[in-house]
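Subject: Structure for you to look at

Hi,

Here is the structure I promised. Please open it alongside this note; what I found follows below.

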Amino acid sequence: MSYEIKKAAVLGAGVMGAAIAAHLANAGIESVLLDIIPFEFTDDDKKKGLTKESPEWRNRFAANGLDGILKSKPASFYSKKNASMVKIGNLEDNLDWLSDVDWVIEVVIENLEIKQDLFARVEKVVKPDCIVSTNTSGLPIKDITANFGAKLKKHFLGTHFFNPPRYMKLLEIIPGEETEKEVVDYMTKFCEDVLGKGVVICKDVPNFIGNRIGVFDISNAIKIMVDKGLTVEELDAVIGKGVGRPGSSIGGTMDLVGLDIGYHVMDHLYEAVPDDEMRDMFLPQDFMKKMMEKKWLGNKTKQGFYKRTKDEKGKRVKLVLDYNKMEYVPLKKPKFNSVSDAKKMEGGFEVKLKALFNGKDVAADVVREYLCKNFIYATNRIPEICDSIVGIDDAMRWGYNHRLGPFETWDAIGVKETVEMMKKLKLKVPKQITAMLKAGYESFYLKKEDGRYYYDFEKKDYIKLEESPKIILLPSLKEKEKIIKTNPGASLVDIGDGVACLEFHTKMNAIDDDVMQMISDSCDIVEKDFAGMVVANHGTNFSVGANIFKVLVTSQQGDWDILEQMVRMFQDVNMKMKYLERPVVTAPAGMALGGGCEITMHGARVQACGETYIGLVEVGVGVIPAGGGTKELMVRCTEGIPDGAVEAGLNLQTLYAKVFENIGMAKVATSAVEAMELGYIRKTDGISINRDHQIRDAKEVVLGLTKFYRKPKPAMIPVMGDNFKGMCDAILFNMRHGNYVSDYDVHVVKRLAEVISGGDCAEGTRVTEQEILDLEREAFLSLMGESKTQDRIMHMLTTGRPLRN
C-alpha cells in the first residue's frame, strides 16, 4: 500500500496540538484541529447571545488554541497567513471530518483511559489507509492500542514531537508491536522530507529515548549541585556551553520548559522504571517539591530557578533561587579557573572540553562526575531503549540541543581516559565498555576512507553509518580533497555534477576582504569550468553582514579611499554574481543580515531554509545598505510593472513605500515565508524545511536551471525623484513629533530616501542599477563620517544592542 499525506487531523488544541497544526501548515499540509466542547455554559455566554448549539461556543477550545498559537513567541507559524490552512471544530460534532484525512495525530491529556476512549471513536471513522498516531511523551504504545482492531494496529504508531514543534528538530517514532514496516518507513521519510525533522526510531519503553536520557542528565546535574553544595548559578556556570549544553544551562532550561513539566516527567519515570539501576536519580529534590507548592514554575510564572524583577530604582535585575533558604538573592557571576582556562585555549570544542574535564578545581570535579554518570547511564540503556549509540546521540543533539551526544562527547574526551576516571570515582564501568576496549576498539565512532562508522555493542564491531544522498556535508568533501580554491575567509568546494559550492567560514560568516575576493574568484572559476554555483554553509548563520569592526576602524582612521574601495568591491562582486553566465543559487539559513541579505538577493534563485531570519538592518547602526540591497528591493518591487504603465502615469508610491519601510525600520523576516512577503526573497524561490537537505536542494535547483539558463537583462528602474523625498519628509515629520524616532534617525533615513528617490530627477525617470549603487555608496560613506554613526556602531559592538542617539 502506498501512502501520501495531504491532509491531517490534530486531536487536542492545547499548546502542543495547536503548535503541531501550525507546523503542518508551514509544511503545506492542511489540517483540522478538534477539541472537546466546553464543560459549562456560562452567563457570559448567554450575554453574548450564544446557545449550546452555537459553533462559537462548541468550538471554543479549538478556537482558543489556534488564537493562542497565533500569538506565540517565538512564532509557531512561518506566516500568520498560514493559519487559514487550519480548520477548527470539536470532537462531538466534527469527528466525521476524519473520514477524508490521511493522518490523525492525537495530542490530548496524558491519561490512558481518555486516549483509549477517543481512539475507539476515531477507529470507526477513519479510512482504511489512514495513518493514526499519538504524541504521548511516555505512555506505552502497547497500552494505548490494547483495545484496537487488527487493521488500526497496523497503521498506528507514536510520533512524539518536541516542543516547540517548529523549532525542535527531534521527532521520535515509536512503532507498536504490530505496526507495519511500510508505515514506519513512510512516516520516517515524510517527517524528514516534509516536516524537516530528525527522526529517531524508539522502542516502546517509558519516555522513549530523548526524555529518558535527557531527564537523567538534568536530574544528575541537580543532584550533584545539592550534594556538593553549589549554588544554582555555579552549576549553570559549569554545566553550560563548555560541556556542550545550551546557553540556558540547567536552571535556565528548567525555567524555559517549566518546572511542572520537568517534575512530572521525573516523577513518572521513577514510577515507570522500577528495574532501572539509577531509578532514585529521578526522585525530585526536596527544594523542587517546595517550588511546586509555591508555583515557582519558571518563565510561565515569572519565577523559578531565576526571577527577573525591578529594584527600587526601577532597574531590571535578575535574581537567583537560594534553594536552601527558598528565597531569591542577587545573582553573582561565579568564576572557575578550569572553565575560563579551557575557554581561552586554542582549538575546537573537543580540545576545550578535554581540558575542562582534566581540570584541577571543583568545577572540573563536577564535570567529571556529571559526564561519567551520563556516559554510564546511556551505555546501560542499550539495547533497552534503542539498539545503537547513534539513536541516543541523535536524540540528545536534536531534542535537547546538546552540541554532541553522550557517545560523541565520550569520544572527544577519550574512552580509555574516561574509564580510568570512572574507576577513580568508584563508578561501575559497564561490561560492554570493558569488552569493547579489551577487543581493541578505542572509540565509538571511526572515520575511514569510505565513510563514518559506529561501534555496535551486539555485533562487537564497527558498522558503517548509512549516508543519505539528500545530505551534502562540506567538511566531508574537503577531507576528500574536493576544495577548488580557498583562503582564510571562504572556500570553493566541488559538490559534484558540475556544481561548486561557495562556503564562508569567517567568524559569524561576516563579510571581509577574503570573502569578497573569494566571491569574485569563484565567479571566474565557475564561469569557466562549472555548470553553476551554490552559496551556502553549515554555520548557525549564513552571514551576519559586513565586518563592521573593520569598517569602523577604517573610518576612524580617515582611510576614506580604502573604505570606498571596500564598499565598491562588495557592490561589484554582488553584481558579478548576479550577471554570471552560470546560475548562482544562494541558500541562506539562520541569520542573513545586512550584507548577508544582499548576497542572498544577488543570486539567480534563492533556496532558503524555512528558518531564515533575513533583513537589511543597517539603519540600526546609523548607515544604509550599500552592497546593492536597496537597489535589489527596488528592482523586485518594480519588475512586474507592465510595459508603458509608468509612462502612462502609474503611481509608484505604494511600491516604494514598502521598500522604505523595510529598510527604514530594519525589518527582519522571521521565516523564509515572511521573507517572501517582505520581498527579500521572490515568491518563485524555494524553501527547504529540512536544513540538512538544503545544499542538496540548492544544487538540484542549479542543475534544473543550467539547460536553458540565460543571465538576466540589466534592469532599468523607474523612480519617483523629488516626489518620493517629499513623501518621506512628511512621514518622518510626523514620526519625529510623535517621538517614535530621534533627530539622528530622521537624518539617516532621509539619506535612504535620497537613494530610493533615484536622485534629482522627475517621477517616472528610469535609472540604471549602477546609478542606484553609486547613490548607496555615497550615502554610506557620508554617514560613516559622522560621529553619531560611529558611536552607534561602537555601542552595538560592545553591548550587542542598538543605540538611539
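Which helix holds Ser338? Ser338 sits in α14, which covers residues 337-344. Keep in mind that this is a predicted model.

Is Ser338 buried or exposed? Its relative accessibility is 9%, under the 20% cut-off, so Ser338 counts as buried. Beyond its neighbours within four places in sequence, Ser338 is in contact with Leu356, Gly359, Asp361, Ala363 and Ala364.

Next, a helix pair. The axes of α27 (residues 653-664) and α31 (residues 743-757) come within 11 Å. They cross at roughly 145°. The crossing is right-handed. From α27, the contact uses Tyr656, Val659, Phe660, Ile663 and Gly664. From α31, it uses Val749, Leu752, Ala753 and Ile756. By class, that makes eight nonpolar residues, one polar and no charged ones.

Now α30, residues 722-737. This helix has 16 residues and reaches 23 Å from first C-alpha to last, close to the expected 22 Å. Its buried residues are Phe724, Lys725, Met727, Cys728 and Leu732. Why do they lie on the same side of α30? Because they cover an arc of only 160° around the axis. In general, residues three or four places apart in an α-helix point the same way, because there are 3.6 residues a turn. The buried residues of α30 pack against α27 and α31. On the other side of α30, Phe733, Asn734 and His737 are exposed. After α30 comes Asn739, with a positive phi near 60°.

Best wishes

Key. Residues numbered from 1 in each chain as written. Predicted model: local features only at pLDDT ≥ 70, side-chain atom pairs only at ≥ 80, totals over all residues. Heavy atoms only, no water. Helix = DSSP H or I, 4+ residues; strand = E, 2+ residues; numbered from the N terminus. Buried < 20%, exposed > 50% of the residue type's maximum accessible area, 1.4 Å probe, protein only. Contact = heavy atoms within 4.5 Å. Axes fitted to C-alpha atoms, helices over the stretch in contact; angles between N-to-C directions. Left-handed = near helix turned anticlockwise from the far one by under 90°. Nonpolar A, V, L, I, M, F, W, Y, C, P; charged D, E, K, R; others polar. Expected span 1.5 Å × (residues − 1). Arc of directions from axis to C-beta.
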